[in-house]
Amino acid sequence: MNLNLKGKRVFVSGGTRGIGLAIVKGFLSEGAHVAFSSRNEESIKQITKDLKKEFSDSVLLYFVSDATDPEKTKDVFESIISEWNGLDIVVSNVGDGRSTQEPLQSSEQFESTMRTNLKSAEIIAREFLNGNKTGKGSLLFISSITGLEAFGAPTDYSVAKAAIIALSKNLARKLAPDIRVNCISPGNVYSPGGSWDEKIQKDPERIKKIIDSTVPMKRFGTPEEIADLVLFLSSERASFITGSCVVIDGGQTVGFH
Ligand SMILES: NC(=O)c1ccc[n+]([C@@H]2O[C@H](COP(=O)([O-])OP(=O)(O)OC[C@H]3O[C@@H](n4cnc5c(N)ncnc54)[C@H](OP(=O)(O)O)[C@@H]3O)[C@@H](O)[C@H]2O)c1
């Protein structure tokens, strides 16, 4: 299937590891122009160098920027738009499920989780709309199955991811017909250095048991499987899809709805 992404101008927040990096690579392999961000300067410079080797014809911009900072994010969008004269596709990927396990986190912890997961999405949506000159485009949020049901994930993370689904649906309704807004809800996705990798390092047997007993496909998803869905939903091949929250979880939630 030709996704017609060649030359599309794309921004991905948090693209140096895991799902975000797979999304960046996916768009580059389709010939899109890609801008991406993260906080760690050293790692984003190194990744950019590697990507330029792997995708030698690529058009690639990187930004060292904290997605929870409205001013920095505004600067990122202004730089991209002035460089490329617009932006067609935005993927709000930044998020982090690391929190504490008590039923309700401390107010500080709750606020911090909401900032990383929800505020970053709101800021990106705002800048996407501020910079959108054509009134067209695709905005996609990475939520989680923890935003759909209470699986035992940290409460603050689950609440933030549920709010992202509501943000996505409300924007979809209000921005149709020319701007499409969707979100995806991944299940457990393994990547080296990611949160599941950390859990496996601590107790591999426990994690294997959890995956075997809760995921019908009895395995983790890969970042590339998530990226493929993101590419499709962001492309014109998904032109009638807006306001959707697509679950990609190896069947984990199949008995829940
Ligand atoms: N992995 C899973 O099982 C899973 C499941 C469902 C949903 N998700 C969601 O999928 C998304 C990606 O998860 P992941 O597991 O791939 O994460 P990850 O491996 O921790 O990677 C996160 C990326 O975002 C960057 N980042 C983090 N905070 C940032 C901030 N405040 N500003 C800018 N960049 C930031 C990181 O780089 P720096 O640290 O250098 O900034 C890194 O590039 C998240 O929204 C997560 O909630 C993940």
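Predicted model: local features only at pLDDT ≥ 70, side-chain atom pairs only at ≥ 80, totals over all residues.
Residues are numbered from 1 along each chain as its sequence is written, and side-chain values use heavy atoms, with hydrogens and water left out.

To find the largest cavity, select Phe 11, Ser 13, Ser 37, Ser 65, Ala 67, Thr 73, Val 76 and Ile 124, which line it (lining residues have an atom within 4 Å of a point). Its volume is about 40 Å³, taken as the space filled by probe spheres set on grid points that are joined across faces, edges and corners. The lining of the largest cavity has 4 nonpolar, 4 polar and no charged residues; here Ala, Val, Leu, Ile, Met, Phe, Trp, Tyr, Cys and Pro count as nonpolar, Asp, Glu, Lys and Arg as charged, and the others, Gly among them, as polar.

Next, select the ligand and the 25 residues that surround it, of which Thr 16, Arg 39, Ala 67, Asn 93 and Tyr 157 are the closest (a heavy atom within 4 Å is the criterion). Among the polar contacts, which are pairs of N or O atoms within 3.5 Å, the side chain of Thr 16 has an N or O atom 2.6 Å from a ligand oxygen. A backbone N or O atom of Ile 19 lies 2.8 Å from an oxygen atom of the ligand, and a polar backbone atom of Gly 95 is 3.4 Å from a ligand oxygen. The protein covers 93% of the 900 Å² of accessible area that the ligand has on its own, as given by the Shrake-Rupley method with a 1.4 Å probe. By class, the shell around the ligand has 8 nonpolar, 13 polar and 4 charged residues.

Now select Glu 54 and Lys 25, which form a salt bridge with their closest N and O atoms 3.7 Å apart; the term requires a side-chain nitrogen of Lys or Arg within 4 Å of a carboxyl oxygen of Asp or Glu. Because Glu 54 lies in helix α2 (residues 41–54) and Lys 25 in helix α1, the pair ties together parts that are 29 residues apart in sequence; helices are DSSP runs (H or I, at least four residues) and strands likewise (E, at least two), numbered from the N terminus. By this rule the count comes to 11 salt bridges.

Finish with the backbone. Ala 176 and Pro 177 are joined by a cis peptide bond with omega of about 10 degrees, and Pro 177 lies in the loop between α5 and β6 (179–186). Asn 85, in the loop between α3 (70–84) and β4 (89–92), has a positive phi of about 60 degrees although it is not a glycine.

Key:
Polar contact = N/O pair within 3.5 Å; in protein donor to acceptor, adjacent residues only side chain to side chain. 1 Å grid on protein atoms, 1.4 Å probe; cavity = no way out; pocket = protein on both sides within 12 Å on 5 of 7 lines; lining within 4 Å.
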